[in-house]
Amino acid sequence: MEKYVINGGTTLYGEVEISGAKNAAVAIIPAALMVDGVCVIENMPQISDTEMLLTILRELGAKIRYLNRSTVEIDCTDVCMQDAPYDLMRKIRASYYLIGAMLGRFGHAKTTMPGGCNFGVRPIDQHIKGMTALGADVDVKGGFVYADARDGKLHGARIYLDKVSVGATMNIILAAALAQGRTIIENAAREPHIVDLANFLNSMGADIRGAGTDTVKINGVEKLHGGSYAIIPDQIEAGTYMVAAAATGGEVLIKNVIPRHLECISAKLRETGTIVLENGDSVLVKGASALRKINLKTLPYPGFPTDMQPPMCALLCVANGTSVITEGVYDNRFKYVNELRKMGAEVQVDGRVCVVEGGKRLSGAPVAACDLRAGAAMVIAGMCAAGTTVVEDVRFIERGYENFVGKLNALGADIRIVDEPEESNGREKILSMMG
Ligand code: EPU
């Protein structure tokens, strides 16, 4: 059971390199299953979610090898429809992309209901609506999703999403890429990783237009061929370091980013008094001597991302004044606030609204990472706090941040990874102290 032990009161300075986007990678790996040939994928983030998906593909018969630290070669030529490792599938949200990918390639799919972070009910009704419209019979029973193309092949259709959903948009794109005829997705999500998935598939021979707008048009093709592709930088990882730099009053150059994807985050940080300067493929963040309160609402892209809500909440705990955060995407994404309160934060939650009484000096405490981004928020709060914070359940953080502790320590944080076996007698093994 790994924990992070954070000695607070540090200020972040220096440069950090952003890895490939998790939420693009977790769709592109299943997409490789649809390719008849070898895909070379660069900028693959080294995180447990991508490792799990690569393991699933390997168990389905894919040949996978790393060409260097972040470049992976995936050959799914010999993959055939067989039972997948369901114990792994149920651990991650993105396993739902295997529905679209397997339906596209084999005409049928069996996956578990997806896992992932718990933000209240996270239905997949829009995914099912899409697959059904494309001509699949979809049945959910016993924790599994069974999908079968009625006549062995999917057929293009016009699909209006009742809810703007990243997962449903990407899953339908996957399934439709190899369907017969034209699919139109209306009220599609517009996140950068949707464009990235479409670009990946197009570079392998697909015909997808309009990704990044609310109408995506997919002309199905017979087959996809191999090729090379580089995943975009991670918007949320970059945003997390931006917020960490601002919250600790530091100065950090965040490299390998697409500043346009960060505009929503940069705009809200500027309102707090933080300086954000864009330059080519990097942004420089300079913390203000006194951060100001702000109000924000999370929304689908290009709105402020829900995944940045917990880190931003940690920052607002140390900003002057009362901030109001409204969660516009999930029903229940403020559970982590209880953990912040253990550090002296004054935060009230009422449904989807959270009121932060800022300007309090946080103090170190034992806290848990309730989920991936909540975990990042605890680490940011821990760096701002006086004394020592111990963050438990950091496996959630490692699902989505590559070398989080190493990158933060290289910027001047003081964080140790402590591995304490569940049955240990309290003896701690210090795994990592250096950047
Ligand atoms: N929704 C439905 N029905 C559906 C699908 C979604 O009602 O069929 C609802 C959800 O319950 C939610 C809203 O629509 O209220 C948006 O959900 P969306 O489908 O967009 O989210 P997701 O695909 O499950 C992805 C990311 C999340 C990120 C959201 C929103 C992956 C694997 N996950 O989830 O990432 O929060 O989009 O941007 O791509 C994270 O990285 O920490 C993370 C949780």
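**Exercise 1.** In this predicted model, state how the residues of the lining of the second largest pocket divide into nonpolar, polar and charged.

*Solution.* The lining of the second largest pocket divides into 8 nonpolar, 7 polar and 2 charged residues. The pocket itself holds about 240 Å³ of space. Of its 17 lining residues, Ala247, Thr248, Gly249, Leu291 and Val318 are the closest to the centre. Helices α8 and α12 each contribute at least two residues to this lining.

**Exercise 2.** Describe the volume of the largest pocket and the helices that supply at least two residues each of its lining.

*Solution.* The volume is about 1,100 Å³. Among the 49 lining residues, those closest to the centre are Arg122, Val166, Gly167, Val329 and Tyr330. The helices are α1, α5, α6, α7, α8 and α12. By class, the lining has 24 nonpolar, 11 polar and 14 charged residues.

**Exercise 3.** Locate the partners of the salt bridge between Lys3 and Glu392, and decide whether Lys3 is buried or exposed.

*Solution.* The N to O distance is 3.9 Å. Lys3 sits in strand β1 and Glu392 in strand β22, 389 residues apart. Buried means under 20% relative accessible area; Lys3 has 15%, so Lys3 is buried. Glu392, at 32%, is partly exposed.

**Exercise 4.** Explain why the salt bridge between Asp162 and Lys129 ties together separate parts of the sequence.

*Solution.* The side chains meet at 3.0 Å, N to O. Asp162 lies in the loop between β9 and α6, and Lys129 in helix α5, so the pair ties together parts 33 residues apart in sequence. Lys129 is partly exposed, with a relative accessible area of 31%.

Notes
Residues numbered from 1 in each chain as written. Predicted model: local features only at pLDDT ≥ 70, side-chain atom pairs only at ≥ 80, totals over all residues. Heavy atoms only, no water. 1 Å grid on protein atoms, 1.4 Å probe; cavity = no way out; pocket = protein on both sides within 12 Å on 5 of 7 lines; lining within 4 Å. Points joined across faces, edges and corners; volume = space filled by probe spheres on them. Helix = DSSP H or I, 4+ residues; strand = E, 2+ residues; numbered from the N terminus. Nonpolar A, V, L, I, M, F, W, Y, C, P; charged D, E, K, R; others polar. Salt bridge = Lys/Arg side-chain N within 4 Å of Asp/Glu carboxyl O. Buried < 20%, exposed > 50% of the residue type's maximum accessible area, 1.4 Å probe, protein only.
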